[in-house]
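The briefing below goes through the strands, the surface, the aromatic rings and the charged contacts of one protein model. Please read it beside the sequence and the structure.

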Amino acid sequence: QSVYAGVGSGTIDGLHSRLQFSDGKVVLVGYAGAVPPLFQKAAVAEHVNKNFMVGGQFITSPFVGSRFGVSFTNRRMGQPSYFTIRRDSLNNALGTFITPEAYSDQLVGLDASYRAGGPVSVYGRYEYDLNYKHIARGQIFSRWSITDELALTGEYIYRSPRIPFHSYFSIFPRNSVKEIEGGVEYNFTPRWRVFGRLARVSYTFEDNRRYTAGVSSEYGSVSYSGSVGFDGKLNSFSAQLYYPLVERVFVPTLGASYAEYRLSWEAPVEHVFAGVVGATVRPMPTFSFDLQLQWLNNRITQQDVRLFVKLNYWFSEQMKLFQ
């Protein structure tokens, strides 16, 4: 089960439910299950009491154009035990069996958005880490439609590194990252839009510049993004296309991307190629399946090919509309 519920996101082998009340103005989401094994192994995780994810989300829309959500997640990932040599108080070397604590993520989050018929829409998000007892993420985004064709966007994001509690890396100091971005959007027609964005990413003592530009429509998009500064240099291009056929019974998709980057000014330039081809097939209103073939090629992962298949069946028309 794929989970996207506020601060809770990931994949579980378990149950995922979603209930709505008051004509959709109140929604309850709940999930619980085992965390799947690493390396995409087709097996159920051992020791489910140490490898699980549980949580939920409450969503309400008290007035038109509004949305408020409260979410919680608790994820544990057990670590294997091992035998090693340790020194006792007399400096004698003794064999010791070590049983590490399970990795842990416990977060609570709030999110809110407002988008009515006016020219301004706002979205905000706040996440708090219960283990480390500090802010994990803060975000605010706003969009201002100057005219029917022209709009300006602004966004601020504060993020702390997402490091599981009891992880070895949790003993090191962690520094937050701050991002501020401004953008412009212009609609040539209701179906065609061009956009551009410029952002500054601030680290503890250094910063980075990020820029994005592209064109999009209801059938696909083409974009360019780049960055330069403390964390190296990046240039990337991507394109995706999807076109419904036979009254949306068959929707083919095609995508490709290329990127070149260097992790520092002294490092060599790396190249990454990726491609996606797939389709969504809906032979009947209550049943559909998706096929997607992915290809990746870079210096580390050469000729990586993966096939994904997803089946959907709606037991009632109400469930279909709700999905």
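A hairpin of two residues connects strand S16 to strand S17, where strands (E, at least two residues) and helices (H or I, at least four) are DSSP runs numbered from the N terminus. The model is a predicted one, in which local features need pLDDT of at least 70 and side-chain atom pairs count only at pLDDT 80 or more, while totals for chains, interfaces and linings use all residues. Residues are numbered from 1 along each chain as its sequence is written, and side-chain values use heavy atoms, with hydrogens and water left out.

**Strand pairing and overall build**

- S16 (residues 220-229) and S17 (residues 232-242) run antiparallel and are joined by ten bridges, two strands being paired if DSSP finds at least two bridges between them.
- Within this pairing, Val228 stands opposite Lys233 of S17.
- S17 also pairs with strand S18 (residues 250-262), again in the antiparallel sense and over ten bridges, and here Ala239 has Ala256 of S18 as its bridge partner.
- The protein chain holds one helix and 21 strands, and its C-alpha trace spans about 80 × 55 × 45 Å along the principal axes.
- Of the 323 residues of the chain, 28% count as buried, where buried means under 20% relative accessible area, exposed means over 50% and partly exposed lies in between (1.4 Å probe, protein chains only).

**Nonpolar surface patch**

- A nonpolar patch on the surface, with about 1,000 Å² of accessible area together, is formed by Leu241, Leu254, Phe273, Val277, Leu291, Leu293, Trp295, Val305, Leu307, Val309 and Leu311.
- Patches are made of residues with over 30% relative accessible area and no salt bridge, like charges being joined within 9 Å and nonpolar side chains (Val, Leu, Ile, Met, Phe, Trp, Tyr) within 5 Å; the areas come from the Shrake-Rupley method with a 1.4 Å probe, and for residues only the protein chains shown count as cover.
- Strands S19 (270-284), S20 (287-297) and S21 (304-313) each supply at least two residues of the patch, and the largest share, four residues, comes from S21.
- Val277, which is found in S19, is partly exposed at a relative accessible area of 41%.

**Aromatic rings and a charge over a ring**

- Eleven aromatic pairs are counted, under the rule that rings of Phe, Tyr and Trp (its six-membered ring) pair if their centres lie within 6.5 Å, with planes under 30 degrees apart counting as stacked, over 60 as edge-to-face and the rest as tilted.
- One of these is the tilted pair of Phe63 and Tyr114, with 6.1 Å centre to centre and 55° between the planes.
- That pair links distant parts of the chain, 51 residues apart, since Phe63 is in the loop between strand S5 (51-60) and strand S6 (66-77) and Tyr114 is in strand S9 (residues 103-115).
- Phe63 is partly exposed at 44% relative accessibility, as is Tyr114 at 38%.
- Tyr186 and Phe188 form an edge-to-face pair, with 5.2 Å between the centres and 80° between the planes; Tyr186 is partly exposed at 36%, whereas Phe188 counts as exposed at 58%.
- Phe63, Phe68 and Tyr114 are linked by ring pairs into a cluster.
- The charged end of Arg174 sits over the ring of Tyr132, 4.1 Å from its centre, the criterion being NZ of Lys or CZ of Arg within 6 Å of the ring centre and within 35 degrees of the ring normal.

**Salt bridges**

- The structure holds 13 salt bridges, each defined as a side-chain nitrogen of Lys or Arg within 4 Å of a carboxyl oxygen of Asp or Glu.
- Among them is the one between Glu179 and Arg159, whose closest N and O atoms are 2.3 Å apart; Glu179 lies in strand S13 (residues 177-189) and Arg159 in strand S12 (residues 150-159), so the pair ties together parts that are 20 residues apart in sequence.
- Glu179 is buried, at 10% relative accessible area, whereas Arg159 is partly exposed at 33%.
- Asp207 and Arg209 meet in a salt bridge of 3.3 Å, N to O, and salt bridges that share partners join Arg159, Glu179, Glu181 and Arg210 into one network.

**Positive phi outside glycine**

- Asp23, although not a glycine, has a positive phi of about 60°; Asp23 is in the loop between strand S3 (13-21) and strand S4 (26-34) and is exposed at 83% relative accessibility.
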